[in-house]
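Biologist: I'd like to learn how to read a model like this one. Could you walk me through it?

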Amino acid sequence: MLKQTEGSRAVAEAVALCRPEVICAYPISPQTHIVEALGEMVKDGSLAPCEFINVESEFAAMSVAIGASAAGARSYTATASQGLLYMAEAVYNASGLGLPIVMTVANRSIGAPINIWNDHSDALSQRDSGWLQLFAETNQEALDLHIQAFRLAEELSLPVMVCMDGFILTHAYERVDMPTQAQVDAYLPTYEPRQVLDPADPVSIGAMVGPEAFMEVRYLAHAKQLQALQRIPAFAAEFRQIFGRDSGGLTHTYRSEDAETIIVAMGSVLGTIKDVVDEMREEGHKIGVLGITLFRPFPIARVREGLQGAKRVVVLEKSMAIGLGGILSTNVRMALSGLHMHGYTVIAGLGGRAITKKSLHGLFREAEQDALESVTFLDLDWAMVNKQLEREKAHRRSGPVAENLLRDVGIVAARNY
Amino acid sequence: MSFQPVKFYQTGTFTVGNRLLPPEERSVQASARRFNSINSGHRACQGCGEALGARYAIDAAMEAADGQIIAANATGCLEVFSTPYPETSWQIPWIHSLFGNTAAVATGVAAALKVKGKRDVRVVAQGGDGGTTDIGFGCLSGMFERNDDVLYICYDNGGYMNTGVQRSSATPPAARTATTMAVGPEPGNVFGQGKFVPAIAMAHDIPYVATATVADLRDLEAKVSRAMEIRGARYIHILVPCPLGWGTASHDTIRMARLAKETGIFPVFEAEHGEIKSVLTIRRPLPVEEYLRPQKRYAHLFGKNPAVETIAHIQALADRNIRKYRLQARRGS
């Protein structure tokens, strides 16, 4: 059914259609609307049987999900930013125990300085946690990916993170096609756990493993993720059969067949990039896009296949490996090993900095001329940066960095972005 | 004239003997069909108070729930000595997730059971004092305030014994640990710090809070049985002497637990909805010195120049417990 709704509401309704049995909620912007909507459905009885638990922290949220999942319940939670970091120990534990929990991450930056706006630093900080990570481009895809995530998680007995851009998607009202309960039921079978806490058949879960088997356990986690690379296209195909649309999969290409320059990105910024590419194509530029839906496991072969015909690759990412450059671009480099082409890393949109078409036009043209630095910070205010560097040179007690910058720029300057 | 019912006690103890009790009042462990939830062959130290306490507590819970128990376990001695894969002492479904999240994991298990309509299956969470009073305290308090249907059992041996005897917030004052060294002008753990979690549990107004020691195992069993009659958040805090961390002889574990109770160092009581309902009284309060002296963690208080003031301070704390919890048996009028 077509409806005009908020991204968070759409995701909540999709999660509800998946018949979750235990939902843990702890408030953090910008994921709050999702669990609020689910809480309402549980309280008014429209989502039953389901337990909605208001926990005291994100660490508890993931821990309650761990207990519930180990006892055989389909478990869900949502978080963002600091919340994801606060639950990190339990995030690793959930995947280590092989528990198919599904979690929405409403992508938001990580402090300090505290900032509630969107980038991908939170989810990417957990890239090696053993969770599968899917990135939604649109609200429709966010909704669809949640349905696929439960299927994927339970099939593989691994937890899945569905990442959607905070505010840009979570708070945007857009048209979505909401599936019916019958469609979701046809796609998502009842959860049959591989291991379950049951007095009729007692097992010990989570005991100590020494050096004699630890590496093998870890390797198997890797092997399972590689299995996911095979399964995900099949799940997406099955999804198309039942729901009648393409969603999910590993990557999506756009006008990249004969492209000399290919832009790689994840999430909602792909929409802006495609608009710019359309405009540049009209002017005759040979430019295309490779959108990455699945970040973990990283679809190395597919990315290589999608990029190998290009002369240059520009990875535009809302994340940063401080002291190195990019995170997504480092992963893309793995896929391009041995290929001779120019590779550029563009760090953009951190902490909600708008990524405008105007900036992208300039950036892509520079890239086409191979005039980009290997690591570029899109729309970075160099004057602001340099002023602070000078200040630190001049005074030992130069004070809090963020405060200095905001004093320099003044409150009005925020309007520029 | 007051009436004194006749009681029979085992020689040298105040514990009434099993053989003198009617069968229905006998210890769960006295039965040949006891559950052995923690089976023999585990790696606990000789004289481990925690192994003893856990064995009685979990078997009593199993008895009360007709064998329908799921346990969540914090990281710590109990987890390590009972389960390195592929061996496990646990004859019950058991999960270890992390050090600090056991109460929350138990909440999750309870939620799953509720949603699946398995009301007969009950949930027990367990951890040491570090996993309970320190790192797991946030999750514990959350489980309490939501009144989740979980019995949480803390085995308190007064420190992080698994990592090599470091201080926890349950380490008693003056005790030497690896991080409260017996050096300087005030050797050992600092006075005026630490917390008594049973009192904090009571402040949550949860249906049931009790303390126990491994000196009176029948009392421990009875408290677990009572706790299992109740739904909602329940907390039992068991003092379990640790020969390694306390520097006591393996054969003295039960004696040390008894001395902790008989000196007033560790008050043994039960409370419902924040109000104390009963206490194990002390017949003849013993001086704390009798409890402190056999323990190497207090060795710096004795020797050539005994720390008279420090011992008096500990005595004052014990006396305060006796007053506060009304531990002294009332004499006949």
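Modeller: Let's start with a pair of strands: strand 11 (residues 261-265) of chain A runs parallel to strand 14 of chain A, and four bridges join them. Helices (H or I, at least four residues) and strands (E, at least two) are DSSP runs, numbered from the N terminus. Two strands pair if DSSP finds at least two bridges between them. This is a predicted model: local features need pLDDT of at least 70, side-chain atom pairs count only at pLDDT 80 or more, and totals for chains, interfaces and linings use all residues. Residues are numbered from 1 along each chain as its sequence is written, while chains are lettered from A and ligands numbered from 1 in the order in which they are written.

Biologist: Which residue of strand 14 of chain A is the bridge partner of A:Val264?

Modeller: That's A:Val315. Strand 14 of chain A also pairs with strand 15 (residues 342-347) of chain A, in the parallel sense and over six bridges. There, A:Val314 stands opposite A:Tyr344.

Biologist: Why is strand 14 of chain A described as largely enclosed by the rest of the structure?

Modeller: Look at burial: a residue is buried if 20 or more other C-beta atoms lie within 10 Å of its own, exposed if 12 or fewer, and partly exposed in between, with C-beta atoms placed from the backbone. Five of the six residues of strand 14 (residues 312-317) of chain A are buried, so this strand is largely enclosed.

Biologist: What do strand 14, helix 12 and strand 15 of chain A make together?

Modeller: A right-handed β-α-β unit, with helix 12 covering residues 328-335. A crossover is right-handed if, with the strands pointing away from the viewer, the path from the first strand over the helix to the second runs clockwise.

Biologist: How do I read a sheet that takes in both chains?

Modeller: Here's the general idea: strands of a sheet pair through backbone hydrogen bonds, either parallel or antiparallel. In this model, nine strands form an open sheet with mixed pairing, in the order 9(A)-2(B)-1(B)-3(B)-4(B)-6(B)-5(B)-7(B)-8(B). Strand 9 of chain A and strand 8 (275-279) of chain B are the edge strands, each pairing on one side only.

Biologist: How many bridges join strand 9 of chain A to strand 2 of chain B?

Modeller: Two, and the strands run parallel. A:Ile205 has B:Ile95 as its bridge partner. Next in, strand 1 (residues 69-73) of chain B is joined to strand 2 of chain B by three bridges, again parallel.

Biologist: Is B:Asp205 buried or partly exposed?

Modeller: Partly exposed, with 15 other C-beta atoms within 10 Å. B:Asp205 has a positive phi of about 60°.

Biologist: Which residues does a cis peptide bond join in the case with omega about -5°?

Modeller: A:Arg296 and A:Pro297. Another cis bond runs from A:Gly111 to A:Ala112, with omega near 5°.
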